[in-house]
Amino acid sequence: MDNNRRERSAGDSGWLLETTGLTKRLGGKTVVADVGLRVGEGDIYGFLGPNGAGKTTTIRMLLGLAKPTRGHIKVFGRSLAKERLEILRQVGSLVEYPSYYGHLTGLENLEIIRRLLDAPKARIYEALATVRLEKDAGRAVRGYSLGMKQRLGIAAALLGHPRLLVLDEPTNGLDPAGIQEIRELIKSLPAQRGVTILLSSHLLSEVELMATRVGIIAAGKLVYQDDIARLKQRTAGRIRLSLSEPELARQRLLSRGYDALPDERGITVPAGDDRMIAAAVADLVRESHQIYRVEEQRSSLESVFLEITGTGGSL
Amino acid sequence: MFARLLSVEFMKLRRKGVFALAVIGPLGVVLLQAVNYGLRYDYLTRLYASDPWGGLLGQVSSLAVSALFIGLALIASMSAGVEHTAGGWKQLLALPLTRVRVFAAKSATTLLLLLGSCTLLLVLTLAMGLLLGFEAGEIPMAKLLATVYLPYIAAMPFVALQIGLSLTFGNQAVPMTVGTLGLVVSMFAVFLPDWVPYGWPGQTLEAAGRWRAVAGGAVGGLLLLAAGCGWFVRRDVS
């Protein structure tokens, strides 16, 4: 997988974005410590971590808004410290909450960015269409809902036809419909625009639905980085069976070699292949157990996240 | 490129009332003088009988310097304020622009708006003199230009100071307090030693020490702008 990625990626090291030993100290406190991000071309990279873990500080450094205390950032195989402007020409960003000039219309806001990027006028309408804001483009942004402001921010980030899109907490503060809308938009972008996306969030469930690769940061340190599929493998998935006479059923399954454990609503068995589960269910039905539910336990990814970040409590 | 950056700065100030402010300042100064001359026409024309234009310029300039002090603080604050309220810094500075250019564009916006106000003051003063029936052939052009533009140059350190403060503090109450205090101090500057910069814009109106005040303002202004730019380039954006 990584070999494949290396072949189709930019730069001599093979990664589209790569940081080495990235460190930031703020007021004597190390906010980001020795972070080595690796983002491949075409990835939707989910940058995860509890609030205050250093996500936004890292992203600020990636955009040249803050200077690293130590470490290097390479984007498109170039050094950010040396070729900031060249790199930023191909990067679109939306940091933390959308930036906008509230007294200006959506169109005027985009026109400001367009002029600064010296992009053709048509890009504005293209970006507005992508985020479906054409109808409201003539209104002052002050009157937009948060979701619309967020979409305008994404439109602004897309104006320069970036190779890399950096989105910091793009769904923060949105209602479920808004979240869904932004999520669908983000998922459609790599195919539509050939863009690589770095996306930060404090919600694993959010990133899980979009990302192809994840990095987890906790207390300033990158504690995990791999494809999302591997993170999912780490979750010891189990199948829960709700059924009549659970204790008896458990004994039966144990005697047939299943690793059945008691559970508050029945019993659980390891999530093996489908045939094995089907066989177990068939066995139990033959023994006249009534099966109410067969369900996969989905909380395990969150618990792996909690285990990795060591937060234990709420994020 | 710089022209584009500047056009964007002016675009951001649309519907913010900055342009109205740039007009209201000089208009207010001249209208107050219109009231002054309207109420005391006979007295003032007799007082300045030998040099009616000079008299008018003297009256106008006394108000204009105060208007300049508060105007530069207001304009600098509004131009920086659009970025602070919108959280616009992170978006603006993550664009492929050098920080020096961004700082230069912000400063140029303030300087150009003030220059526009000064020019408008010149035009309005001329118009008022002609309306008062002063001789068009006797217009003291050199003195008129000096009255309008020299205080502007001498006030440059304060323009630089207000730009620096407005860009640094998200809460615009800080630069506005400093700016208002500056206005108050400048009104009593005649009681201060000549080297105090708050007196410089006023000193450009007197023959003695005029050029020292102008030179001090220009050099001090440039130095402060350079210092502000150096700070702006290095700082982290939150």
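Trainee: Before we look at single residues, what do "buried" and "exposed" stand for here?

Mentor: Buried means under 20% relative accessible area and exposed means over 50%, with partly exposed in between. Keep in mind that we're reading a predicted model. Take A:Ser288: its relative accessible area is 57%, so A:Ser288 is exposed.

Trainee: Where does A:Ser288 sit?

Mentor: In chain A, in the loop between α11 (274–286) and β15 (291–296). Its backbone deserves a look as well.

Trainee: How do I read a phi angle, then?

Mentor: Start from the general idea: most residues other than glycine have a negative phi. A:Ser288 isn't a glycine, yet its phi is positive, about 70 degrees. A:Asp118 is another non-glycine residue with a positive phi, about 55 degrees. You'll find A:Asp118 in the chain A loop between α4 (106–117) and α5 (122–130).

Trainee: What does chain A look like overall, in secondary structure and burial?

Mentor: There are 12 helices and 15 strands in chain A. Of its 315 residues, 54% count as buried. Along the principal axes, the C-alpha atoms of chain A fill a box of roughly 75 × 45 × 40 Å.

Trainee: And which confidence scores come with the model?

Mentor: The ipTM is 0.88 and the pTM is 0.84. For chain B, the mean pLDDT is 93, and 100% of the residues reach 70 or more.

Trainee: On to chain B. How should I read a pair of aromatic rings?

Mentor: Over all chains, eight aromatic pairs turn up. One of them joins B:Trp89 and B:Phe232, at 5.5 Å centre to centre with 65 degrees between the planes, an edge-to-face arrangement. This pair links distant parts of the chain: B:Trp89 is in helix α5 (residues 88–93), B:Phe232 is in helix α11 (residues 210–234), and 143 residues separate them.

Trainee: What sits over the ring of B:Trp89?

Mentor: The charged end of B:Arg235, 5.4 Å from the ring centre. Elsewhere in chain B, ring pairs link B:Tyr37, B:Trp53 and B:Phe134 into a cluster.

Trainee: How far apart are the C-alpha atoms of B:Ser79 and B:Lys106?

Mentor: They are separated by 6.9 Å, although the residues are 27 apart along the chain. B:Ser79 belongs to helix α4 (residues 52–86) of chain B. With a relative accessible area of 3%, B:Ser79 is buried.

Trainee: Last one: which residues form the nonpolar patch on the surface?

Mentor: Look for B:Val184, B:Met187, B:Phe188, B:Val190 and B:Phe191; together they have about 590 Å² of accessible area.

Terms used: Residues numbered from 1 in each chain as written. Chains lettered and ligands numbered in written order. Predicted model: local features only at pLDDT ≥ 70, side-chain atom pairs only at ≥ 80, totals over all residues. Heavy atoms only, no water. Patch = residues over 30% accessible without salt bridge, like charges linked within 9 Å, V, L, I, M, F, W, Y side chains within 5 Å. Areas by Shrake-Rupley, 256 points an atom, 1.4 Å probe, with all protein chains shown as cover. Salt bridge = Lys/Arg side-chain N within 4 Å of Asp/Glu carboxyl O. Phe/Tyr/Trp six-rings, centres within 6.5 Å; stacked < 30°, edge-to-face > 60°. Helix = DSSP H or I, 4+ residues; strand = E, 2+ residues; numbered from the N terminus. Lys NZ or Arg CZ within 6 Å of the ring centre and 35° of its normal. pLDDT = per-residue confidence, 0-100. Buried < 20%, exposed > 50% of the residue type's maximum accessible area, 1.4 Å probe, protein only.
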